[in-house]
Amino acid sequence: WNPTKRNLIMKTLNIFTTLLVALLFSAQASAIQISSAGDSWTVDWFVDSSITAGLSQDLSATSSWLVSSYSSTQIILDVTITNTTLLTGGLTNADITSFGFGTDNNAKASLLSAGSTFTKVGAGSGPQQTYPGGYKGIDVCIFFQNCSGGSAPSGLRAGETDSLQLLLTGNFSPITELLYFPAKFQTNQGSYEPGGCVNCGGSAPEPSILALLGIGLALIGFAHQRKNRRA
């Protein structure tokens with residue numbers, strides 16, 4: 001196999017991998033900018049059991065968010081969250097005990113209308129958690145027992161939905177950004193803290209990502225074919 005051609009293929013594959021990682025990261029957006037009433041978005045959470053030690057089943061949830069009122073000092077958010085986890089095998093409970101978000105500019109939150117499960121809100125507090133940045137650093141935490149978790153089962157159970165209304169107060173002119181959107185799953189197989197994926201639609205890859213993936217697979221196949229010919 002010509003070393004020059006081999007090096008060219010390997011460089012191309014490295015470039016492809018870098019681009020794919022960058023695009024996947026951008027698809028897993030973690031922030032949303034809002035500037036007016038009527039703005040809406042979704043946030044999804046997912047913990048992949050195939051790459052998570054000790055977890056026998058995927059954890060998942062989805063939520064919808066609507067800005068029902070917006071001013072330079074107050075924002076009202078309508079939030080609906082559903083725990084879409086399926087309990088099978090050894091996973092007997094998987095509750096969402098808390099979720100929240102950061103704000104830029106900083107904001108304080110109160111509940112205008114509590115949910116049936118999520119009845120408390122406050123700033124992130126307690127010990128540092130495993131989610132990058134931790135619940136300790138977020139501005140708004142919505143919870144059942146406490147922000148950093150709780151016993152299991154003690155939250156939004158698998159298959160359940162809850163709705164609530166939040167009032168944010170702060171300086172929101174001209175726009176504000178909500179970011180990170182971590183959630184805490186408390187299960188019989190441990191606790192997990194995924195970040196939220198904003199407007200990911202179930203985290204389905206974008207067409208551009210699928211196209212790049214196809215190109216990358218073609219290059220890998222070409223490299224493998226050349227190697228077999230050499231053998």
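1. The protein chain exposes about 11500 Å², of which carbon and sulfur atoms supply 56%. The chain has 231 residues, and 39% of them count as buried. The model under review is a predicted one.

2. On confidence, the mean pLDDT of the protein chain is 79, and 67% of the residues reach 70 or more. Residues 16–27 have a pLDDT below 50, and this stretch makes twelve contacts in the model beyond near neighbours in sequence. The pLDDT is also below 50 over residues 203–217, a stretch with 14 contacts beyond near neighbours in sequence.

3. The protein chain contains two helices and 13 strands. Among its contacts with a separation of 6 or more, 72% are between residues 24 or more positions apart.

4. Six strands form an open sheet in the order 6-9-4-3-2-13, and their pairing is antiparallel. At the edges stand strand 6 (107–113) and strand 13 (197–198), each of which pairs on one side only. The partner of strand 13 is strand 2 (residues 40–47); the two pair in the antiparallel sense over two bridges. Within this pairing, D44 stands opposite C197 of strand 13.

5. C197 also takes part in a disulfide, which joins it to C200 with an S to S distance of 1.7 Å. The disulfide is left-handed, because the torsion about the S-S bond of C197 and C200 is about -65°. C197 has 4% relative accessibility and therefore counts as buried. C200 has a relative accessible area of 8%, so C200 is buried, the cut-off for this term being under 20%.

6. How many disulfides does a search of the whole structure find? The search finds two. Besides the link of C197 and C200, there is a disulfide between C141 and C147, with the sulfur atoms 2.1 Å apart. The link of C141 and C147 is right-handed, with 105° about the S-S bond, and both of these cysteines are buried. With bonded cysteines counted along the chain, the disulfides follow the pattern 1-2, 3-4.

7. The loop between strand 12 (190–192) and strand 13 holds E193. Is E193 buried or exposed? The relative accessible area of E193 is 10%, so this residue is buried. The side chain of E193 is joined to the side chain of K184 by a polar contact of 2.9 Å.

Key:
Residues are numbered from 1 along each chain as its sequence is written. This is a predicted model: local features need pLDDT of at least 70, side-chain atom pairs count only at pLDDT 80 or more; totals for chains, interfaces and linings use all residues. Side-chain values use heavy atoms; hydrogens and water are left out. Two strands pair if DSSP finds at least two bridges between them. Helices (H or I, at least four residues) and strands (E, at least two) are DSSP runs, numbered from the N terminus. Buried means under 20% relative accessible area, exposed over 50%, partly exposed in between (1.4 Å probe, protein chains only). Contact means heavy atoms within 4.5 Å. Accessible areas come from the Shrake-Rupley method with a 1.4 Å probe; for residues, only the protein chains shown count as cover. A polar contact is a pair of N or O atoms within 3.5 Å; within protein, one must be able to donate a hydrogen and the other to accept it, and residues adjacent in sequence count only if both atoms are side-chain atoms. pLDDT is the predictor's confidence in each residue, from 0 to 100. A disulfide is a pair of cysteine sulfur atoms within 2.5 Å.
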